[in-house]
Amino acid sequence: MSETTTIAPPDLDRRSGVKITARQEQSTPASDRNGGVDPIIELQDVDIYYGSYRAVRGVSIPIERREITAMIGPSGCGKSTLLRSLNRMNDLIIGARVTGRITFHGQDLYEAGVDPIEVRRRIGMVFQQPNPFPKSIYDNISYGPKVTGMKVSNMDDLVEEALTGAALWGEVKDKLKTSALALSGGQQQRLCIARTIAVKPEVILMDEPCSALDPIATAKIEDLMAQLTKQYTIVIVTHNMQQAARVSDKTAFLTAEVDKDGQRHGVLIEFDDTNKIFSAPSNELTEAYISGRFG
Amino acid sequence: MAIDTSRAETGYVHPSAAALKRRRIRLGDTLFRLALQFCLFVAFAFLASLIIYVLIAGWNRLDLRLVTNMPSGLASRADESGLQSALTGTLWVITLTALMCLPTGIAAAIYLEEYADNTRWYNRFLELNIQNLAGVPSIVFGILGLGIIARVFGLGFTIITAAIVLSLLVLPVVIIATREALRAVPPSIRLGSYALGATKWQTVRRQVLPAATSGTATGAILALSRAIGEAAPLILLGAVTFVRFNPEGISSRYTVLPIAIFNLIKSPQAELQELASAGIVLLLIILLLMNSIAIVIRNRAGKIR
Amino acid sequence: MSVTELGSRAPAPQPMRLGRRGNRAGERGVEVLLFIAATVGVLTTVGIIIALVFPTIDFFGDVSIVEFLTGDSWTPLFADKEYGVLPLLVATLVVTAIATLIAVPLGLGAAIYLAEYARPKVRSALKPMLEVLAGIPTVVYGFFALVAIGPLIRDYWPGGDKPSFQNLLIASIAMGIMIVPTVASLAEDAMTAVPRSLRQGAFALASSRMQVATRVVFPAALSGIVAAIVLGISRAIGETMIVTIAGGLISDRVLFNPIEGSATMTAFIASAGQGDLPLGTVEYKSIFAVGALLFIITFALNIVSFRLVRRFREVYE
Ligand SMILES: Nc1ncnc2c1ncn2[C@@H]1O[C@H](COP(=O)(O)OP(=O)(O)O)[C@@H](O)[C@H]1O
Ligand SMILES: [Mg+2]
């Protein structure tokens, strides 16, 4: 599987050419749909280690602008690990290390001089458990713009805009000063999304954002995601295949492979249009997984 | 009519069913429980009799004289003697101690809990050292004050020397309590902050510390109450001298409440023994007030805004 | 959770789209300040060691180490000065032994009750009371021992030789109660850390609460409990005010009988340190020599206690 993607990291000048080659090997239909030349993030032969343990091996995926890319696969195959590497949240884990290339607008995210703080401002993240700050709703939203030094002419407007963008304004507009912890789980998760879009990122990473929520709250988040693609690129990790099928444009299927020394590494099995993955997967492992035979 | 006749008809009740209802009284178990309760009872009876004793013994002296009058050197004026200089000395020393040990202790705790990479030997060493320091007898801190701070640094037997020594003495208490408070802040809050592009210090300063306020404040109060009651190290640092004036500054000579009480205990006069009891009541009231503040803070911790 | 920024490789010279906006010297500066604060503890330890070592070395220039460790009379404040530390050491051991005999059963009993028997409500009412007991200044314990426990014991003393006004027994009783909270709270921590599953297994075998507490939880928490006791002992050895006020100051002979007043190591330091001993004299330096001995003993006990706690943690956490 990983052999197809072991292309030497391309030289910056010749990037686009190499990229197309890489994608042709991966999937043609996906790139057809929007011209295939606008990936905002690109992973090339990415390995991720925790200390000496290689959790993810040889993953190459392009992430298209203003699309929803889903990552699916059995638990422990490295989906969260991979997601965290896209905005350098892995830097916060002692011993975590990334090799290969992850580019954002063509800029290698792991090059010397790249500031992880700046990366995270441009690539936001929403977590599995809603994690609002133990502060008021208003302060949850205004925190990001304040700490990142955004020039905000009117914070009230920005808070309203962010909450509206996260489809939460109507529900909370009269209690902006109350504690965010008093909200329901689904509202808290939308607050976390609002808080993320308040700093105006380009990409939003979501790690199983609905797995702690009930079906109604989940439906609201899914609707919201569809809305958000007008402005944002979304990468979502989910263990729920129906969800991936419902919301995403592209799907990456990963699984854990056991190599000769008995270690499990996450590897990419297939990356393609979501429709293709769920209707006519080209790999029998994918077929087996989406039909529920393992995972 | 035919409501569960089975049992009535057979007239038989399975023996174990009845046995389940009959709670066996285990004598040994009951005695054991009583013995355990007795242990706690002894401790609390001691506490209660101690408090009652000092209240009764000091009752006649529990009035304003205690705080408005200076200690009297003349045996004939013993009943006019008060503890004002010790009270003001305690206030001075504790204020300075708070100013020094709280920022240092909280900062050290933040470093150890939020910044230190524990795979580095020096960070593990810092940590081990704090634990060790917490177990060093307080009189040894007095020796540090006597040998180094008063003599080598030349600060002499002054308020500032006392405050430095007490700060170092309770520093581990502040650090350990603050670290516990920081550890209780869920990691998800930090991750949420980082994911928005906040820096480490922004995250610590604006998310972690506010969330840890109540634990930190409780620890701070605990540390300061320990410092208020501490006498041993100050014995070596000139606090036992007879002081009839309020401190005039940080390089003033001084005494403090526990030391003044210690001096009174040593004196043979009955009036002064009475005054010692009254002084103890005063000291306990101060500590009780501080502890109540800590409890109020702790109870309000659950409610955020 | 401990987090560190790993991604800070050397900054590139050329400007970059994801480079640092503005400089973050402040971030680095804060970290340095915090680190400095964390080193204050080390400086304190170093200061303590320096404060003890030099005068102690000086002291052993005047007094032989053999005389110090084996001599049975300690009279630095007398005209005829002798420097045998045994009287102080023995008094310390007597007080510590009796205090431990009192504190261990009481502390462990309280701990078992709190950990295994008390309902959450009872427990949350009792624990602050223990904290209050722990928060009483030791000067107060000393006073109470001298003026309340002392007369009480003298009145009811069965034998012919009545205890003296200041004596090690009353100091030990007060000290024993004083360290109950230390032993109780650490032992309780150890017992509550024993996994629930272990208890449930025993209850499932129809064990009574007492059997679970004494045969399952207690052995499982043993190293933590021993650590609590060792720490209590260390506190008793280092405690100063109680023995200074109530324990007596005789040190010219070795006294094993607790109803006599005798100076412990800490009581000697406190009483000798009150007067302005002339700097540089042997008697001044003897304070430091006894302090060094005290430091070494308590340090060793603390290390033992950490080791035990660590072993306990390794098993259950
Ligand atoms: N912080 C970490 N330290 C060490 N190993 C980790 C860490 N996080 C995840 N792993 C390991 O990496 C592998 C992938 O984990 P993860 O990315 O969480 O998988 P997924 O999200 O697909 O369930 C697992 O084997 C897991 O044990
Ligand atoms: Mg995951």
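B:Glu113 is buried, at a relative accessible area of 7%. I start there because buried means under 20%. This is a predicted model, so please take each value as computed from that prediction.

B:Glu113 has a partner: B:Arg179 forms a salt bridge with it, and the closest N and O atoms are 2.8 Å apart. B:Arg179 sits in helix α8 of chain B, residues 159-183, while B:Glu113 sits in helix α5, residues 84-115, and the two are 66 residues apart. B:Arg179 is buried as well, with a relative accessible area of 10%.

B:Arg179 also meets B:Glu127 in a salt bridge, at 3.2 Å from N to O. B:Glu127 lies in helix α6, residues 121-134, so this pair ties together parts 52 residues apart in sequence. B:Glu127 is partly exposed, at 22%.

Now to chain C. Here C:Glu188 and C:Arg123 meet in a salt bridge of 3.0 Å, N to O. The pair links helix α6, residues 168-192, with helix α4, residues 120-135, across 65 residues. C:Glu188 counts as buried at 1% relative accessibility, whereas C:Arg123 is partly exposed at 25%. Back in chain B, shared partners join B:Glu113, B:Glu127, B:Arg179 and B:Arg183 into one network. Over all chains, the structure holds 26 salt bridges.

What is chain C built from, helices or strands? Chain C has twelve helices and zero strands. The C-alpha trace spans about 90 × 65 × 30 Å along its principal axes. Buried residues make up 53% of chain C.

Notes
Residues are numbered from 1 along each chain as its sequence is written. Chains are lettered from A and ligands numbered from 1 in the order in which they are written. This is a predicted model: local features need pLDDT of at least 70, side-chain atom pairs count only at pLDDT 80 or more; totals for chains, interfaces and linings use all residues. Side-chain values use heavy atoms; hydrogens and water are left out. Helices (H or I, at least four residues) and strands (E, at least two) are DSSP runs, numbered from the N terminus. Buried means under 20% relative accessible area, exposed over 50%, partly exposed in between (1.4 Å probe, protein chains only). A salt bridge is a side-chain nitrogen of Lys or Arg within 4 Å of a carboxyl oxygen of Asp or Glu.
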